[in-house]
Amino acid sequence: MQDHRRDYVLRTIEERGIRLVRLWFTDVLGNLKSFAISPAEMENALNDGMSFDGSSIDGYSRIQESDVLAIPDVNTFEVLPWVDGKSAEARVFCDIANLDGTAFDGDPRQVLRRNLRVARDKGFSFYVAPDIEYFYFAPPQDGSKPVPLDNGGFFDLTSTDVASSLRKETIRTLETMSIPVEYSFHEDAPSQHEIDLRHTDALTMADSVMTFRFVVREIAAMHGVHATFMPKPLESIQGSGMHLHLSLFDGEDNAFHDIRDSYSLSETAKKFMAGLLVHAGEITAVTNQTINSYKRLVPGFEAPVHVSWARNNRSGLIRVPVPKRANPLATRIEYRSPDPACNPYLAFSVILAAGLRGIEQNYELPLEADSNLFEMDDVALDKLGIQQLPQSLSDALKLMEGSQLVAETLGDHIFEWFLRNKRVEWRGYKTHISQFETDRYLKSL
Amino acid sequence: MTVYKEPGPALKMLAVFPAPAPIELARTLDLSGYRWKAFATGEEAWRNEPEGGWSGAVVMCDDDPEGAWAMCRALRRRDVPVARLLVLVTGAQLGDLELRDELYDDFCLTPFHPRELEARLTHLFWRELKGSRESLIEYDRLVLNLETYQASFAGRSLDLTYMEYELLKFLAQNPGRVFSRETLLSRVWGYEYFGGARTVDVHVRRLRAKLGEENAFLIQTVRSVGYRFGQAGWSA
């Protein structure tokens, strides 16, 4: 089997005239990293992995040994569709290992693998379908505000045409790269777009999210446009989220589905939701990892602020969508806080772990919060026992630091590095004097 | 449906023993359209090997059985041995066939009937063709080359991941048959995979997207059972 897979890759390289193979992996912050090797080196890479110095990768640094191995995951080998035939290229995702072949603790993909194994040992496969929002802007100039394409003047063509043809080209490319698209549309906000991916297992989906961000940016850049996954690029306009539709499968069956329940939700689904609600605060630093993330999580923009669930209430953290045609396979929950700037491997890991904790320890699902939470004051919310998500990266880091669950899920290496790195980011922000302050205080005080 | 164009006998080069070839044998081979050359020893046959190798050999034992079997051994004892070897034996020599199974593929009694010899040779080459046929799967406008692991549809290369390729191959090898997800998972995957049985649906969806929506009919969902490649009752 292994040999067939290797042959498949090597023969494809030969038959398709591949000149470069890009080895892709992800740093702890979720940035795509890559180095290219020649086809001649690929056979070696498949047999033994390629060693490289990990000390330059964010979150890979260690005190002693800094060399690590990139081991291609043959199942992810694909020809890159946007490179022309003459200089064809392919890419393959890699798992990062120590030189002795054991999983490297600093590799987010290995972290997700480990957590998926935990789920599988309990009989579950974890499926994810993200709705990813992003903006198209004119190429950014240093220090200036983002310029949306829809604001006219940037293109001679009507801007809607340009943006939707960009989106169409993006979707075509995604589909040839094994990433089927469910829906796509222009969001309400100027220049904002949403592409919804069809559900698949969490490891493949985390890879797909990495590919997605790369493809969206690459195709925009080819047309002189800048695509951004920054969670809240424009002050008065809704930010970009990455709502995640989640389900657990037990063999062919959807473990979240129960026909007897009025919401079609099984006990497993309810406990999973309860786990997410109990641990939501602790995992938010991972699902929303930038300072800017918390400027999206405010009332008034359809982003969740409170830790609650409901069927039809889009202000809650978890929504239970009504499946079309009562399809048992479509029963799922939608976790609404994550944004597309997160590291998908780590975000999927902590979300899964929180849900599984709920199942393991029989957490009880609180009552549905079906009235609009944005319109209630703090007293009313307190009465319902509904808490808020962390209000800043700093708050989120404090909650994460105290979380045994997150420490176990990420492993000590990433847990500690992440907290250290993000505190540095927060300190940098804390001393920054914003335009807001200057405008407000300089003259009056 | 697939139509295989069989290369005619003229493209096949046969090595023949003994040299010179008995007149009846020479005439039969000529009339059947084979190109052939007679040799006294295996060594001579190898020295005169045509480009692309000997397609087959006809070795007649009648007068010199020892020389004939030596020839057979020489033709077989190579990295790429001669694959289609027919021996001609007299009724009295039938016993010589015993324990020499590896040295010949078929035999014919001498004196032979020319039509019988021709039919046996045709059949030997048909078997070979069937062997190579398995390395190419064609269905509608879909072509899978099992040798190069490449797939194309209507002449356009399909960029498939390994598992997509394996699934498509398995389905296309068994057109018209319905497979459950569990069967596909165990026959096609069969190693650590995080997706569980739903993986099959995910891959089918991806394949349909790559084939193009207008060709999605190639892989059909059979409600509450699984998947079928092509239409029921069709076979390639």
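Visitor: Where does B:Lys12 lie?
Guide: B:Lys12 sits in the segment before β1 (13-17) of chain B. Strands here are DSSP runs of E of at least two residues, helices are runs of H or I of at least four, and both are numbered from the N terminus. This is a predicted model, in which local features need pLDDT of at least 70, side-chain atom pairs count only at pLDDT 80 or more, and totals for chains, interfaces and linings use all residues. Residues are numbered from 1 along each chain as its sequence is written, and chains are lettered from A and ligands numbered from 1 in the order in which they are written.

Visitor: Is B:Lys12 buried or exposed?
Guide: B:Lys12 is buried, because 20 other C-beta atoms lie within 10 Å. The cut-offs are 20 or more other C-beta atoms within 10 Å for buried, 12 or fewer for exposed, and partly exposed in between, with C-beta atoms placed from the backbone.

Visitor: Which residues is B:Lys12 in contact with?
Guide: Leaving aside neighbours within four places in sequence, the list is B:Tyr34, B:Arg35, B:Ser55, B:Gly56 and B:Phe125. Contact means that the C-beta atoms of two residues, placed from the backbone, lie within 7 Å.

Visitor: What pLDDT does chain B average?
Guide: Chain B averages 83, and 87% of the residues score at least 70. pLDDT is the predictor's confidence in each residue, from 0 to 100. Over residues 1-7 of chain B the pLDDT is below 50, and this stretch has six contacts in the model beyond near neighbours in sequence.

Visitor: How many helices and strands does chain B have?
Guide: Chain B has seven helices and 12 strands. Of its 236 residues, 34% count as buried.

Visitor: Switching to the complex, what ipTM does the predictor give?
Guide: The ipTM is 0.83 and the pTM is 0.79.

Visitor: How many residues of chain A are in contact with chain B?
Guide: 29 residues of chain A are in contact with 22 residues of chain B. On the chain A side, α1(A) gives the most, with six residues. By class, that side has 11 nonpolar, eight polar and 10 charged residues. Ala, Val, Leu, Ile, Met, Phe, Trp, Tyr, Cys and Pro count as nonpolar, Asp, Glu, Lys and Arg as charged, and the others, Gly among them, as polar.

Visitor: How is chain A divided into domains?
Guide: Domain 1 covers 2-101 and domain 2 covers 114-439, with bounds from an automatic or database domain assignment. Taken over C-alpha atoms, the centres of the two domains of chain A are 28 Å apart. Their contact takes 11 residues from domain 1 of chain A and 15 residues from domain 2 of chain A.

Visitor: Which residues are buried in α12(A)?
Guide: A:Ile414, A:Phe415, A:Trp417, A:Phe418 and A:Lys422 are buried. The buried residues of α12(A) pack against α3, α6 (267-287), α10 (393-401) and α11 (404-410) of chain A.

Visitor: How many residues of α8(A) are buried?
Guide: 16 of the 17 are buried, so α8(A) is largely enclosed by the rest of the structure. Just after α8(A), A:Asn362 takes a positive phi of about 50°.
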